[in-house]
Amino acid sequence: MTLLVRPARAADLPAVRAVLVETWHDTYDTLFGAESVTAITDDWHSPANLAAELDRAGHRFLVAERDGVIVGTGSATDRGDGLVWLDRLYVAPAVQRAGAGAALLDALAGAFPQADRWQLEVEARNEKGLAFYLRHGFADTGERGGSHGPCARSVILERRRAGA
């Protein structure tokens, strides 16, 4: 199976949204309830919101394709002063732990070679997500977020470039 990571295009948005909706329900239904997850994905991952990301300055929006099918998506934003914020990284449940998440993370890192540090916010009870980021060199900063609706128990993770 061939994995390709590339910039997202407008034609990809329905498939990206489908991956996000499926992954959010798989990850968060037991934490927030299916109805809340549907409301979140209808808002955050609406076609209009996804389309607005395609050409945003200082932002990269990528997809991972396996044999021509979009199986994951990631996006990040340069916040200045060497800091890049990982906005989103999701892989369809059926193909998690098969390299798509790592490939998206690597491609995003390559898109921001100036970054000294990367940060992200992850729901504290998202055990799969936390484990993924810890395996990929992120550490808990001790800071807590909560800016994402029901994700009131979120953790800020950070990864620094060696020597930074």
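Predicted model: local features only at pLDDT ≥ 70, side-chain atom pairs only at ≥ 80, totals over all residues.

Biologist: Okay, at what angle do α1 and α2 pack?

Modeller: About 145°, with the axes of α1 (residues 13-32) and α2 (residues 34-44) 8 Å apart. Helices here are DSSP runs of H or I with at least four residues, strands are E runs of at least two, and both are numbered from the N terminus. The axes are lines fitted to C-alpha atoms over the stretch in contact, and angles run from 0 to 180 degrees between N-to-C directions.

Biologist: Which residues of α1 and α2 meet?

Modeller: From α1, they include Trp24, Tyr28 and Phe32, and from α2, Val37, Ile40 and Trp44 are among them. Contact means heavy atoms within 4.5 Å. The residues of this contact divide into nine nonpolar, four polar and three charged. Nonpolar covers Ala, Val, Leu, Ile, Met, Phe, Trp, Tyr, Cys and Pro, charged covers Asp, Glu, Lys and Arg, and the others, Gly among them, are polar.

Biologist: New topic: how many residues are in the largest nonpolar core?

Modeller: There are 25, and Leu86, Trp118, Tyr133 and Leu157 have the most contacts inside that core. A nonpolar core is a set of buried Ala, Val, Leu, Ile, Met, Phe, Trp, Tyr and Cys residues joined through side-chain atoms within 4.5 Å. A second, separate core has 15 residues, including Trp24, Val37, Ile40 and Leu50.

Biologist: And Asn126, buried or exposed?

Modeller: Buried, because its relative accessible area is 8% and buried means under 20%, with exposed over 50% and partly exposed in between (1.4 Å probe, protein chains only). Asn126 sits in the loop between β5 (117-123) and α5 (127-135).

Biologist: What does its side chain pair with, in the way of a polar contact?

Modeller: The side chain of Tyr28, at 3.1 Å. A polar contact is a pair of N or O atoms within 3.5 Å; within protein, one must be able to donate a hydrogen and the other to accept it, and residues adjacent in sequence count only if both atoms are side-chain atoms.

Biologist: Last one: what is the phi of Asp81?

Modeller: Near 55°, a positive value in a residue other than glycine. Asp81 is in the loop between β3 and β4 and is exposed, at 80% relative accessibility.

How values were computed:
Residues numbered from 1 in each chain as written. Heavy atoms only, no water.
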